[in-house]
Amino acid sequence: MKHKTIIEPFRIKSIEPIRLSTEEERIRHLEEAKYNTFLLHSDDVIIDFLTDSGTSAMSAEQWAGVMRGDESYAGSKSWLKMERVIRDLTGMEHILPTHQGRAAERIIYSYLGGKGKTFISNTHFDTTRANIEYSGAEAIDIPIREAYDSALIHPFKGNMDTEKLEQIITEKGAENIGAVILTVTNNSGGGQPVSMANAKAIRKICKRHNVLFLLDCCRIAENAYFIKHREEGYGDKSYREIAREMFGLSDGAAMSAKKDALVNMGGFLALHDEKIAQECTNMLIITEGFATYGGLSGRDMEAIAIGLEEVFEPHYLEYRIRSTTYLGEKLHEMGIPVMLPIGGHAVYIDAKRLYPHIPPHQYPGHALVCELYIKGGIRSVEIGSVMFGKYDEEGQLIPAAMELVRLAIPRRVYTQSHMEYVIETFEEILRTREEMRGYEIVEEPPFLRHFTAKFKPLK
Ligand SMILES: *Cc1c(COP(=O)(O)O)cnc(C)c1O
C-alpha cells in the first residue's frame, strides 16, 4: 500500500503576512545590518529559520488558555496547572518557573559552578556554556566520536562518550564536577538524538561517582520520537512514557519552554533535591520573580501547561520530524553536504564541505548564512567558529570543531511550499559555490559574540 503524504495535522486559523523582497533590497539590508543576520529587521526576512526557539505557532487551545491565565501574584491557578503538568512529566518534586531556559541555567549553574568546577556535556548549548564559564567554571564537550563526521549515519549521534566521561571525572576528581549535562536532543551537535541506553550509562557512572546528572531537556519530545522509532524495545511505548523514563534517570532538568512546550516564552528548572531547590528558589526570587511565577505571566504558564501536553501527540510529532527530514533529504539529494541523519528540529549544513576553499578564519558558515539571505531572504544561523571560536595568546583563531549552518524549523509555522522555495534557493547557491568568499570580523563583544559581532565580506 502506498503511504499518503504526511500532512500538517492542523488547519490555519490566523495568518501572518510575509513581505516579499528583491535581491537588491536584501543586499542593502544585509549591509545595514553589518552582515550579521541577528541585526536584520524580521520584516525583511522571508523565511525565518534563525531559530525554532519561541517561534512556534500556538494552538487554539493555547490561545484560549491565554485568556484563562490567572495573573495572581502568588498561588496562581495557572502556575498550579503548569507545576502539575511538569511534575507529572518529570517525576520531580521541585519545579521553578523561569522566563526562559537561560534563566534556569543561570540559577542552577551559578549555584553549582564557580572557579575550579568542571561541567561535562555531550555538547553544551551556547547559553549553557556561557552561564557556566561566566561563573568561573569550565565546560567540556564530549560527544561520541561519530558526531564529528557529518556524513556518517548513526542512529544516536547526539550521545555522550561515556568512556571519556569516566576518564574526566576520575582526572578532575568527582568533587570538582559541577554536573554532567545531557542535552536532548543535542542542539549544537546537529540536533541529533540521544539514546535511552546512553542516558542509562551516564546515570550509572554519575551514581557511582556521586555526581549530579542533569538534563537540558528543551527537545525531549522530539528525542522521544527518535527513541521510539530507532531504539530496540521502545516501539510500543508512548512518546510521553519514553520522556518520563529519561527524566527518571536524571537528578534534575532545565528546559527552555520556547522549544518543545510550543510557546513563545518560558522555561523551568525541575529538581529532586530539596536543598539545591531551596538555594535555587532563593536566587529565583531575587532575580526572576516569586516562586509561583518566576519571570512569567499567568497566561504564559497556562500556555506552557497545554503545550507540554500537545507536543506528545503522535500525529504532531510525526509531522514535525518528517517535515524536517523532507527538507534535509531533498538538500542531500541535490548534493548539499548536510549533517546525516537529519535531526529533529533543524537541518544542519556542513559549510566546510560546501565551501572547502574558505578557511575557518574566514568563516565559511557565516558566508553561507549571508548567501542564503541574499539569494532567498532566508535567515539561518552559523554554528561554527563565529559562535564557538576562541583566540589563543597570540590572538590567532582556534576554530570550532565543525563549521555548521543551522536551518531551524519553527513548529507548526511553515508549509510544504515554503520548504520547496528553500530547496530552490539552495539550487542557486550550488551554482555559485566556487565564487563565494569569506568574511572577517570587524567588531565583537567578549561573550556570545555571534549575536552582535559586525562583519565585512572579503574581496
Ligand atoms: C534554547 C536552548 C537553551 C536556552 O534557552 P533560552 O530559552 O533560549 O534561554 C538551552 N539549551 C538548549 C539545548 C537550547 O536549545
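**Cavity, pocket and contacts**

Guide: The structure holds 1 cavity of 30 Å³ or more. This is a predicted model, where local features need pLDDT of at least 70 and side-chain atom pairs count only at pLDDT 80 or more, while totals for chains, interfaces and linings use all residues. Residues are numbered from 1 along each chain as its sequence is written, and side-chain values use heavy atoms, with hydrogens and water left out.

Visitor: What counts as a cavity, and what as a pocket?

Guide: On a 1 Å grid over the protein atoms alone, a cavity is a set of points where a 1.4 Å probe fits but cannot get out. A pocket is an open set with protein on both sides within 12 Å along at least five of seven lines, and lining residues have an atom within 4 Å of a point. Points are joined across faces, edges and corners, and a volume is the space filled by probe spheres set on the points.

Visitor: How much space lies in the largest cavity?

Guide: About 80 Å³. Its lining consists of N36, T37, F38, H366, V369, S380, V381, E382, V386, H450 and F455. The elements that give two or more residues to that lining are α14 (364-376) and β11 (381-383). Helices (H or I, at least four residues) and strands (E, at least two) are DSSP runs, numbered from the N terminus.

Visitor: How do the residues of that lining divide?

Guide: Into 5 nonpolar, 5 polar and 1 charged. Here Ala, Val, Leu, Ile, Met, Phe, Trp, Tyr, Cys and Pro count as nonpolar, Asp, Glu, Lys and Arg as charged, and the others, Gly among them, as polar.

Visitor: And how much space is in the largest pocket?

Guide: The largest pocket has about 1500 Å³. It is lined by 38 residues, and those closest to its centre are S14, E16, A57, R412 and V413. The lining divides into 17 nonpolar, 11 polar and 10 charged residues. Both α2 (60-68) and α12 (314-334) supply at least two residues of it.

Visitor: Switching to charges. How many salt bridges are there?

Guide: The count comes to 29, a salt bridge being a side-chain nitrogen of Lys or Arg within 4 Å of a carboxyl oxygen of Asp or Glu. One of them pairs E371 with K375 at 2.6 Å, N to O.

Visitor: Where do E371 and K375 sit relative to each other?

Guide: Both are in helix α14, and because they are 4 residues apart, about one helical turn separates them.

Visitor: Which residues form the nonpolar patch on the surface?

Guide: Y73, I285 and F290, with about 300 Å² of accessible area together. Patches are made of residues with over 30% relative accessible area and no salt bridge, where like charges are joined within 9 Å and nonpolar side chains (Val, Leu, Ile, Met, Phe, Trp, Tyr) within 5 Å. Areas come from the Shrake-Rupley method with a 1.4 Å probe, and for residues only the protein chains shown count as cover. Y73 lies in the loop between α2 and α3 (77-90) and counts as exposed because its relative accessibility is 55%.

Visitor: Now the backbone. Which residues does a cis peptide bond join?

Guide: V184 and T185 are joined by one, with omega about -20°, and L340 and P341 by another, with omega about -15°. T185 is in the loop between β5 (177-183) and α7 (196-209). P341 is in the loop between α12 and β9 (346-350).

Visitor: Why flag those, or a positive phi?

Guide: Because most residues other than glycine have a negative phi, and most peptide bonds are trans.

Visitor: Where is phi positive in a residue other than glycine?

Guide: K34 has phi near 55°, and N210 has phi near 60°. K34 sits in the loop between α1 (23-32) and β1 (47-48) and is partly exposed at 40%. N210 is in the loop between α7 and β6 (213-216) and is exposed at 70%.

How values were computed
Buried means under 20% relative accessible area, exposed over 50%, partly exposed in between (1.4 Å probe, protein chains only).
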